[in-house]
Amino acid sequence: MSYIRKLAILPLLLLLSSCNGQDEVQQQTQFRIQSGHDLSILTTTDTHYLSQSLRDLGPAFTRFLAAGDGKQLGYSNEMMEALGYDIGVRKPDAVIISGDLTNNGEKASHKDLAKHLRQIEQDTGTRVYVIPGNHDIQNPWARRFKDQHQYSTDSVTAKEFRKIYGPFGYDEALLTDEDSLSYLAAPSDDLWLLMLDTAQYGNNKELGNPQLDGRVRASTLKWIDKCGEMAAASGAQIVAVMHHSLLDHSDFIQEGFTVNDNAEVIDALLRNGIRTTFSGHIHIQDISEYQQDGESIYDIADSALSVYPHQYGLLNYSSANQTLDYSTAKLGMEQWAAASGSTDDNLLHFNTYSEANFTKRSASRSYSRLSEDPAYASYTDAERKAMADVVGRLNEIYFAGTGSTDNAAVIASEGYRLWQSAPAGGTRSYVLGLSAREPKNNHQLHVQLPER
Ligand code: FE
Ligand code: MN
């Protein structure tokens, strides 16, 4: 079905809500997809966009990249171009970015990213919806990089964030929460998006760092009930989107990643018929399920777009079946680079380049630790290298969410055998823990929605 045929003039009910200019709301919501139609959404997160105006390719920036967690910050523009290219090919009706839009909340990064998003909406007719992550607002770590040095640069306030991303959710909201940057949006009559702001930026200045953990305020939980009532009255389904995890996704890291008091958030979502959430923050690809009173709720953590394997989610809502189907796809950076005539080998072979960059990073850190640790003095250099490679590879698989298919080959390796008999310690537990994870599919999900 063509994009144009799905457009509909919106029912009047929507004009009730907004605290924004009504003309704008009216204009934006004209493009809502009519009841009875399917909807496709591209879900992504943790773009960690860094404006090119804030960096050169000098030592300070190179050091920052090397010390980081594998975010391809030097290719922020290319990443957004490639995303726009994929959106042009896949033609989703909507795009969700669930926070950590920028590297560290730099104002210039927000502004440049918004330009990319505007271009994507114009070129493809899709609609972009964003929420902030813990890195995006009042971030004391906002920096620019020049030659040998890092310099502080402006971040944004919540108000500025709301303004910059007005066209990407806030100006078209059906309802907005007074106490956070949460809002309710309706890309279609039948499927609504509860965009929850779980970040806490109020104390960042005093802390000197962006607060890691997330929460939903009591008043926002009540506001969710209002959203639920409104959706029920309209016969609409809701999918929730938040930066922090609703459910645990890792045996190693939960503190600061799963939203605080998640039982209360789960209750609020379930009592409003919400069974599916999308999150980011943890940078690993992982789908978790939780059951309460015979009902399942899912939290789909998309891995970070800025980090290998640079993948995103594709969600299809079927109106006839009242189902959601989720799958993942890799960012077409190589295809975009070829199509746009790039001569940069890193981009033309982006999968190989970024994988090596990501995997070598953890392997070489692990190799240094093994070489310095007296407990491993009896191992040969070749053995330490083999063991470090196992750490790099398991880490890569973990972030990509492909343990159920890819762990077996690692477990069969000599390096892994060495870890099994190695002295007890943090890295050994990590290796054995990763390889012992229960296999599950983090790349596909089918959800039957509740009756409406
Ligand atoms: Fe992040
Ligand atoms: Mn985050």
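This is a predicted model: local features need pLDDT of at least 70, side-chain atom pairs count only at pLDDT 80 or more; totals for chains, interfaces and linings use all residues.
**Entry 1: the metal site**

I started with the manganese ion (ligand 2). Which protein atoms are its donors? I found Asp100 (OD), Asn134 (OD1), His243 (NE2) and His281 (ND1), at 2.2 to 2.3 Å from the ion. I wrote the spacing of these donor residues along the sequence as D-x33-N-x108-H-x37-H.

The iron ion (ligand 1) lies 3.4 Å from the manganese ion (ligand 2), and Asp100 bridges the two. Asp100 sits in the loop between β2 (94-97) and α5 (107-124), while His243 sits in the loop between β9 (237-242) and α9 (262-271), so this pair ties together parts that are 143 residues apart in sequence.

**Entry 2: Asp100 itself**

Is Asp100 buried or exposed? I noted Asp100 as buried, and His243 likewise. I looked for a salt bridge to Asp100 and found none. The nearest side chain of opposite charge is that of Lys71, 6.9 Å away. A salt bridge needs nitrogen and oxygen within 4 Å.

I listed the contacts of Asp100, leaving aside neighbours within four places in sequence. Among them are Asp46, His48, Asn134, His135, Asp136, His243, His281 and His283. Thr47, Pro132 and Gly133 are on that list too.

**Entry 3: Lys71 and its partner**

I followed Lys71 next. Lys71 forms a salt bridge with Asp69, with the closest N and O atoms 3.1 Å apart. Lys71 has a relative accessible area of 15%, so I logged it as buried. Asp69, at 35%, is partly exposed.

I turned to strand β13 (residues 311-318). I counted 7 of its 8 residues as buried. On one pairing, β13 runs antiparallel to β1 (residues 39-44), with 5 bridges joining them. Leu42 has Leu314 as its bridge partner in β13.

How many bridges pair β13 with β14 (residues 323-330)? I read 8, again in the antiparallel sense. Ser318 has Thr323 as its bridge partner in β14. The two strands form a hairpin with 4 residues between them. Gln322 in that turn has a positive phi of about 55°.

I also checked Thr44, which lies in β1. Its relative accessible area is 0%, so Thr44 is buried. Beyond neighbours within four places in sequence, Thr44 is in contact with Leu83, Ile96, Ile97, Ser98, Asp302, Leu305 and Tyr312.

**Entry 4: helix α9**

I asked which residues of α9 are buried. I noted Val265, Ile266, Ala268, Leu269 and Leu270. The buried residues of α9 pack against β8 (191-196), α8 (218-234), β9, β10 (276-279), β11 (286-292) and β12 (295-301). Just after the helix, Gly273 takes a positive phi of about 75°.

**Entry 5: aromatic rings**

My count came to 16 aromatic pairs. I looked at one of them, Phe350 with Tyr353. Their centres are 6.1 Å apart and their planes 40° apart, a tilted pair. Both residues are in helix α12 (residues 350-372), and being 3 residues apart puts them about one helical turn from each other. Phe350 is buried at 3% relative accessibility. Tyr353 is partly exposed at 24%.

I also logged one aromatic cluster, formed by Phe161, Tyr165, Phe168, Tyr170 and Tyr183.

**Entry 6: other salt bridges**

The structure holds 16 salt bridges. Lys115 counts as exposed, at 52% relative accessibility.

Then I took a salt bridge across the chain. Lys440 pairs with Asp286, the closest N and O atoms being 3.0 Å apart. The pair links distant parts: Lys440 is in the loop between α16 (426-435) and β15 (444-448), and Asp286 is in strand β11, 154 residues apart.

Key. Residues are numbered from 1 along each chain as its sequence is written. Chains are lettered from A and ligands numbered from 1 in the order in which they are written. Side-chain values use heavy atoms; hydrogens and water are left out. Buried means under 20% relative accessible area, exposed over 50%, partly exposed in between (1.4 Å probe, protein chains only). Lys and Arg count as positive and Asp and Glu as negative; His and the chain ends are not counted. Contact means heavy atoms within 4.5 Å. Donors are N, O and S atoms within 2.8 Å of the metal (3.2 Å for Na, K and Ca); water is not among the atoms, so sites may look incomplete. Rings of Phe, Tyr and Trp (its six-membered ring) pair if their centres lie within 6.5 Å; planes under 30 degrees apart count as stacked, over 60 as edge-to-face and the rest as tilted. Two strands pair if DSSP finds at least two bridges between them.
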